[in-house]
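My notebook is open, and I have a few things to look up. I'll start with surface charge, then move on to a helix and some backbone angles.

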Amino acid sequence: QAEEKWDFVLVSDIHEAGSKKETKRKKFLDELSKKGFTIKKIEDKKLFYGVRAPKQIFQKYQWLLRNPDSKLQNPNAHRDIPVTTRIRIVNFILQNTVTSDLEKLHDLRKKRVFEAAFPLHEKEEVREFLKERWARWRDIFSQQPIEKIRCYFGEKMALYFAWLGWYTYLLGFAAVAGLLVFVTGITVFNSSQVSKEICEATNTIMCPLCDQKCPFWVLSDTCTYAKVTHMIDNEATVLFAMFMAIWATVFLELWKRQRATVVTDWDLYRWDEEEEELAMELINNLQHEPQQYQHSYFRSTIILLLVLVMIAVLIGIAHGLVIYRVVATALFTQSDLGFLHEQANTMAVMTGAVLHYITIVIMTKVNRRVALYLCELEKPRTFSQHENSFTIKIFTFQFFTNFSSLIYIAFFLGRINGHPGNYVRIAGRWRLEECHPSGCITDLFIQMAIIMLLKQTISNVMEYLVPWISHKLHKKWQRPKKRRVMLGEEEEAEDPCKRQWLSNYQLSEVNAFSLFDEFLEMVIQYSFTTIFVAAFPLAPLLAFCNNLFEIRLDAIKMMRLRRRIVPRKANDIGIWLQVLEAIGILAVIGNGLVIAITSDFIPMQVYKYTYSPCMMENSTGVDCLTGYINHSLSVFRIQDFEPHTKPGLAPTGLCCRYRDYRNADDYSYTVQFWHIFAARLAFLILFEHVALCVKLIAAWYVPDVPQSVKNKFRVRKHNNLRKEL
């Protein structure tokens, strides 16, 4: 039975005898035979080649990389090598075996000489345990068997699931805090003084929202919208933004401790990836010369310029979404449908968010190709360097794809549109959108809610359905053949390997970046959960619910729907840790800017402590925000409208109101505008410095490596030295 275990299976089409492809295939298999590999051929609709490496290869590996902390072991006593290590070594040799035509397996697969190469899902005890106790929906709240995952999929995969589990666990606390903030907002839904003033402003005539066919309107028409805005935009939001900045730091610091504990138990804490790579190179080819580290400033400059061009394209797409919203608002306001006409701005925001999601889906594929092309230009030395370089590039592109439109809504919408009589226009025709009188934060809330819901529902459904349907179709195609085999009279006994190899081949393909895709998805979600969380307190709750399903979804995909991924050795999550730390800093900056610029928190505080009735004498019993709405609206004379605009029927008065701080005579900024501007700037500086200081204190307070781990190492070294002495 041990003889029939195969490390890898290569799949090829049946080529014509003597054809170029058959010759290339034969040359590759001959090279493997020279290295002592056992090869078994099975013919079906395709050609299957089972590959098994000789024992000497694994003995060399064990000898070269024996644990320095276990010097006392007999060097000739070879323990059984783990299956994950076997697969990893065999995969390395397969990928680096060169034929006489100087072609590797990668080149042969490009030329369709081989169609696939994969390790097998074996019917072993660990697999059955994982299928029954991990890759099932019923175990959604159960703890993950990280040690078993490591034994079957390798350390890198186990670390991904350990990280995802830890992230989800701590996300539970952020979700509860976000829900409390949201519930607090609901309790003040009807009690906000600002909302009351908007609802009672039946005599406040507002300027038209577009140039053609738009009527003058009464501020009280937007009563519900104002209540929703102040449900999101209140004092609790500021505290929550600060809490999330600290949460992001504590999460990473606690993860470093968790990772140190896990990796120590695996005896990998001081594992050297470069040493392992050099050992495998020598096992594959004794004459191998190590590649030198190289750096080209010219090549780096070219790549940097190309990255900047790509970022400019992504920002251009965000501008396209802005133009869509402007044009859509203009068209909706001219619509004959009553609902569209009345809710033109909200409909433009919602359809814009759906369009933004579609651009995210399309640009994700484009970003991947561009990032891979740039990595090839860069010529990294090892797979690890290639992966790190690719990670930085794709994350940068994905960040701009996902967040450019949100950045516009948060920080530019309603601030660069001009004012009545002097609007900023696109192509001299369509005027830019303006903020709702009760603030811009609701637009950001809607945009984030739609994108997060679409990303987490549609993406997860597709992620599961595509491999599931593909698996079912493959199985269906194989059934007729099986029936014919059973009915055949002079049929030989079927090779037991054939069924196993076929069933593995029918599963969905995996590649070197399959795990990378899972990480990227989670890191983008982490960005949504932290960077603009002040505008969308429910983001952690949505992420938490999504992750509960994501863990089991990934487990089911790995165990039941996909071929076995090649195990990778690792002692941390790699460059993703630096990416997460960068997101933590962006979260402080982003939330500080949202509160200072997008939210009305600062203008309200300035009014409350400078211009409100509370600052006057004998003002007891008066709400300090009384009169805020009137104070925040400027006056515009109707005769000053641009000649080519056609506002609706003029109201009884000669003036209309609009959201800004401008003088009524020459429309220049008032003293209040500069007062609020200075307060916004002061708050931003204060918030970011306090949040960053708290982050630094939290990072210092929580050690990266637990003392128990350090003590374990110390005791182990002490015992080894004592034994040697």
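A salt bridge means a side-chain nitrogen of Lys or Arg within 4 Å of a carboxyl oxygen of Asp or Glu. Asp and Glu count as negative, and a charge is placed at CG of Asp or CD of Glu. Accessible areas come from the Shrake-Rupley method with a 1.4 Å probe.

I also wrote down that this is a predicted model, where local features need pLDDT of at least 70 and side-chain atom pairs need 80 or more, while totals for chains, interfaces and linings use all residues. Residues are numbered from 1 along each chain, and side-chain values use heavy atoms, leaving out hydrogens and water.

**Entry: charge.** I found a negative surface patch formed by Asp272, Glu273, Glu275 and Asp572. Asp272 sits in the loop between α10 and α11 (helices are DSSP runs of H or I, at least four residues; strands are E runs, at least two). Asp272 is partly exposed because its relative accessibility is 38% (buried is under 20%, exposed over 50%, partly exposed in between).

**Entry: α6.** In this helix, I see that Ile146, Ile149, Arg150, Tyr152 and Phe153 are buried. Their cover includes α3, α5, α7 and α19.

Entry: Most residues other than glycine have a negative phi. Leu102 has a positive one, about 60°, and so does Tyr667, also about 60°. Which is buried, and which exposed? Leu102 is exposed at 70%, whereas Tyr667 is buried at 10%.

Definitions and conventions
Buried means under 20% relative accessible area, exposed over 50%, partly exposed in between (1.4 Å probe, protein chains only). Contact means heavy atoms within 4.5 Å. Patches are made of residues with over 30% relative accessible area and no salt bridge: like charges are joined within 9 Å, nonpolar side chains (Val, Leu, Ile, Met, Phe, Trp, Tyr) within 5 Å.
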